[in-house]
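Good morning, and thank you for coming.

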Amino acid sequence: MARKPHVDEGAPAGGRVRLVAPDAPEDAAGADVLGLRPTRLGDFVGQTELKGRLSVYVEAALRRGDALDHVLLHGPPGLGKTTLARILAAEMGVAIHETSGPAIEHKGMLAGLLTGLGEGDVLFIDEIHRLSPAVEESLYAAMEDGRIDLPVGEGSRARTMQFTLPRFTLVAATTRTALLTAPLRERFPIVEELTFYADDELAEVAARTAARLGCPATEDGALEIGRRSRGTPRVTNNLVRRIRDFVEVDEGTRIDRAAADRGLSALGIDRAGLDEADRRILRCILEQFGGGPVGIDAIAATLSMPRDTLEDVYEPFLLQRGFLVRTPRGRRAQPKAAEHLGLEGPGQPRLL
Ligand code: ADP
């Protein structure tokens, strides 16, 4: 019999919270109080091929009566990694226990989490790249051999005890696989990347969210929001909520294209979907570093922005949309960036 998924909320992601930041939680507690998160694979919009593969793995594991293999999900924040982890647990009919890399402070905490799992349960570790080396090492044996060694006793009576674990599935999420050690990465039989969503997929997310919030969107209203959501469903949801505020204050009843445009402009989201922070980054590279190439640390220092935020939250979208390129010597703004900002383009690269 399927058990009801049980959710242990892990530590919320740190960092500055912006209105439309893909890493901003959907509400202050980070919980899905409005039920905006899809709960089954069939409701999860987009990522079609990935969903197809995951549904095969789930079905095969269910038929064998086995736990699902360990899964590593990677991709920029807000693309649905946590949502998918919960969906996988729901599809398998098991409970999910959620935590994050930095929240597991020592081996003992990991052992506590693992020994508390029920047969076949999902352990979701967000930000897996932030595990401490000691904890990571204990995780290897847990993932491979289903056991964990723990020191017990002190001084001369100290010894190691081995605990056998129930079968479980580790679902791990990271914004960057490059930060994972090779031994950890290799222990995941299933590795899937989430990529930015297409405009029409985000329009579907926008339409659903708007309907759920009781302020329906017209087709072109939803598409306008989808187009300006940085390819990220979490941004879509946050935008819909803010635009609904504008519509309601104007005593409107639905989000049409004009209302969407008015709200987005008021929020500082331009026609390419860039927000104020994106524009500051591009302006910084163009105006202060002659268009680049410039190292990520120099940009971060100039903007007083944590390097991680720059790399995880902003840069992937600017790269994907061709505003920036990465070169061996640093980031370079593309002519498209200058055009978009109405600035003079980056000069010809010097030959020296
Ligand atoms: P991540 O863990 O990658 O940062 P989340 O799983 O927390 O992202 O997703 C952020 C929010 O975006 C979710 O709460 C959900 O409402 C919405 N969302 C993400 N992916 C989808 C999707 N494919 N379809 C519909 N909504 C989605």
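Glu 251 is found in the loop between α8 and α9, the latter spanning residues 257–266. Helices here are DSSP runs of H or I with at least four residues, strands are E runs of at least two, and both are numbered from the N terminus. Glu 251 has a positive phi of about 60°, although it is not a glycine.

The model is predicted: local features need pLDDT of at least 70, side-chain atom pairs count only at pLDDT 80 or more, and totals for chains, interfaces and linings use all residues. Residues are numbered from 1 along each chain as its sequence is written, and side-chain values use heavy atoms, with hydrogens and water left out.

Pro 293 has its place between α10 (276–288) and α11 (296–303), and the peptide bond from Gly 292 to Pro 293 is cis, with omega near 5°.

I turn now to the ligand. Which helices each supply at least two residues of the shell around the ligand? They are α2 (81–92) and α8 (233–249). Of the 18 residues around the ligand, Val 45, Gly 78, Thr 82, Thr 83 and Arg 234 come nearest; a residue is near if one of its heavy atoms lies within 4 Å.

Next, the polar contacts, in which a pair of N or O atoms lies within 3.5 Å. An oxygen atom of the ligand is 3.0 Å from a polar backbone atom of Gly 80, and a backbone N or O atom of Lys 81 lies 2.8 Å from an oxygen atom of the ligand. A nitrogen atom of the ligand is 3.1 Å from an N or O atom in the side chain of Tyr 197. Taken alone, the ligand exposes 560 Å², and the protein buries 97% of that, by the Shrake-Rupley method with a 1.4 Å probe.

Notes:
A polar contact is a pair of N or O atoms within 3.5 Å; within protein, one must be able to donate a hydrogen and the other to accept it, and residues adjacent in sequence count only if both atoms are side-chain atoms.
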